[in-house]
Amino acid sequence: MKENKVILISVDGMRPDGFLSCKNPYINQMMCNSYYTLEGQTVLPPVTLPCFMSLFHSVTPQRHGITTNTYLPMARPLPGLFEQLKNGGKVCAMYYGWEPLRDVARPGSLRYAGYIHSYAEESSDTVLADSAIARIRKDRPDFVFLYMVETDQKGGHDHGWMTEAYLHRISVAVDNIRRVIEEFGEEYTIVVTADHGGHDRCHGADIPEDTTIPMFYFGKQFQAGKQFSGGTILDIAPTIAKIMGVMPADEWEGTALI
Ligand SMILES: [Zn+2]
């Protein structure tokens, strides 16, 4: 298979029904143009850092040991997606609006990174997307991770999941996703997902509102407009590694979708 470049976009706390309710007209094109699920499963607890450690290391929190938003070195370390890609000769970039996320990539595995505190700008998500887009235009990194946090912080926690404020933040995120897909969708495979959902003004419970996530795969290897079932957040790293022609780590437990 031809090796491809990948952009991974994660919208923090984006519930599938929030996605469907956000009234952004581009959501229909996202479903028509991707291989997708609205019934994907994240890990327990559905909390940001444990979920992203699982996304990038393709193991559950029981295995990587990070069960809160405080990072701890793993007792039994295993390589994550960034390290695996770096070792495979790939150039990686990461743009993020929540500082603890820096720990999902070990030092030495990133060529480019951008961080901005989410409350430093009216829309830090849009500023980060601008930075990522400018870097992709200039240097075409092999793998780009764009993480947008405002749906969770300025939507869910500040106002409540499924409120107008929360849905508005999803719609802004979808506008940013649209810009990335429209400019780079031919050259890059693009993966869009969330880390967890939420309810009331929190998340972390073993209930469908918190544990169900959407996943969209846009690219020539994927059947556009087809909905799949049974996907978990552990499948994302093996799938991206395979798209990029890099071996998965032996310890990874998820399954590549292609
Ligand atoms: Zn949160």
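Ala105 touches Phe82, Met94 and Leu110, leaving aside residues up to four places away in sequence; two residues are in contact if their C-beta atoms, placed from the backbone, lie within 7 Å. The model is a predicted one, in which local features need pLDDT of at least 70 and side-chain atom pairs count only at pLDDT 80 or more, while totals for chains, interfaces and linings use all residues. Residues are numbered from 1 along each chain as its sequence is written. Ala105 sits in the loop between S3 and S4 (helices, H or I of at least four residues, and strands, E of at least two, are DSSP runs numbered from the N terminus). Ala105 counts as buried because it has 22 C-beta neighbours inside 10 Å; the cut-offs are 20 or more other C-beta atoms within 10 Å for buried, 12 or fewer for exposed, and partly exposed in between, with C-beta atoms placed from the backbone. Glu83 lies 22 residues from Ala105 along the chain, yet their C-alpha atoms are separated by 7.1 Å.

Turning to the sheet, seven strands form an open arrangement in the order S2-S7-S6-S1-S5-S3-S4, with mixed pairing; two strands pair if DSSP finds at least two bridges between them. Strand S2 (35–41) and strand S4 (112–115) are the edges, each pairing on one side only. From one strand to the next, the twist averages 10°. Strands S3 (residues 92–96) and S5 (residues 143–148) run parallel and are joined by five bridges, with Tyr95 having Leu146 in S5 as its bridge partner.

Helix H6 (residues 124–139) lies across S3, S4 and S5 and runs at about 170° to S5. Helix H10 (residues 236–243) lies across strand S1 (5–11) and strand S6 (188–193), at about 175° to S6. Axes are lines fitted to C-alpha atoms, for helices over the stretch in contact, and angles run from 0 to 180 degrees between N-to-C directions.

Helix H8 (residues 164–184) has 21 residues and reaches 30 Å from its first C-alpha to its last, close to the 30 Å expected at 1.5 Å a residue (1.5 Å times one less than the number of residues). Its buried residues include Tyr166, Arg169, Asn176 and Ile181.

For the chain as a whole, 52% of the 258 residues count as buried. Residues 24 or more positions apart account for 66% of the contacts with a separation of 6 or more. The C-alpha atoms fill a box of roughly 45 × 40 × 35 Å, taken along the principal axes.
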